[in-house]
Amino acid sequence: MKNILLIGFMGVGKGSVAREVIKLSDFVSVDTDDLIESMENRVVKKIFEQSGEVYFRNLEKKIALWLEQNVTNTLISTGGGFYKQENLKDIGIVVFLNSPFDKIIKRIKNHPNAVKKLKKRPLLNDLKKAKELYNERLPQYAAVADITIDVTDKSAIDCAKELLQKVKQYA
């Protein structure tokens with residue numbers, strides 16, 4: 001089975017959907033941000049603060065090449081900007097989890113761990129800038145996706161079931 005890459009804006013629910021897919025399938029799961037944090041022994045926020053975005057994007061490129069060469073039958077949750085990797089389609093089936101910006105923010109704020117989730121995503125402290133980034137990325141996500149799943153007001157389990165149904169055509 002090919003890999004599945006989950007792309008989408010920060011906070012859209014990639015991790016939540018990934019956890020449900022794992023329960024329903026034979027896939028194992030990795031998260032590109034987690035891989036980078038392990039490589040660097042520091043969190044993404046600190047990497048950006050201390051080394052900058054260009055450095056971080058180079059780490060994503062390194063991870064993308066490693067995934068392409070070494071990983072199969074895996075569900076890969078990605079950071080919000082990972083979709084720009086040139087070898088995305090060589091890694092696996094690209095699934096875009098989509099939701100309107102306001103619904104993403106509402107989802108995060110209603111989460112029991114909202115303070116931690118917002119702290120992890122400093123970009124969301126300035127909602128105007130975050131919405132501009134969302135609007136910039138939305139058509140780009142759609143352009144690279146093999147499959148789009150609207151996650152708006154759906155449970156993670158329902159999204160996972162829809163995802164598994166839609167990726168069957170690529171098996």
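**View 1. Ser-99 is tucked away, buried at 6% relative accessible area.** Buried here means under 20% relative accessible area, exposed over 50%, and partly exposed in between, using a 1.4 Å probe and protein chains only. This is a predicted model, so local features need pLDDT of at least 70 and side-chain atom pairs count only at pLDDT 80 or more, while totals for chains, interfaces and linings use all residues. Numbering runs from 1 along each chain as its sequence is written, and side-chain values use heavy atoms, with hydrogens and water left out. Ser-99 sits in the loop between β4 (92-98) and α6; helices (H or I, at least four residues) and strands (E, at least two) are DSSP runs, numbered from the N terminus. Its contacts (heavy atoms within 4.5 Å) are Val-12, Ile-104, Tyr-134, Val-151 and Thr-152, leaving aside residues up to four places away in sequence.

**View 2. Asp-153 has a positive phi, near 55°, despite not being a glycine.** Look for Asp-153 in the loop between β5 (147-150) and α9. With 67% relative accessibility, Asp-153 counts as exposed. For background, most residues other than glycine have a negative phi.

**View 3. Helix α6 (residues 101-110) has a buried side and another side with exposed residues.** Phe-101, Ile-104, Ile-105 and Ile-108 are the buried ones.

**View 4. Helices α1 (residues 14-24) and α9 (residues 156-167) cross at roughly 65°.** Their axes come within 8 Å; axes are lines fitted to C-alpha atoms, for helices over the stretch in contact, with angles from 0 to 180 degrees between N-to-C directions. On the α1 side, the contact uses Ser-16, Val-17, Glu-20, Val-21 and Leu-24. Residues from α9 include Ala-156, Ile-157 and Leu-163. Sorted by type, the contact residues are nine nonpolar, one polar and two charged (Ala, Val, Leu, Ile, Met, Phe, Trp, Tyr, Cys and Pro are nonpolar; Asp, Glu, Lys and Arg charged; the others, Gly among them, polar).

**View 5. Val-95 and Leu-163 have the most contacts inside the largest nonpolar core, a set of 48 residues.** Val-95 touches Leu-163 itself, and its other partners include Ile-4, Leu-6, Ile-147 and Val-167. Such a core joins buried Ala, Val, Leu, Ile, Met, Phe, Trp, Tyr and Cys residues through side-chain atoms within 4.5 Å.
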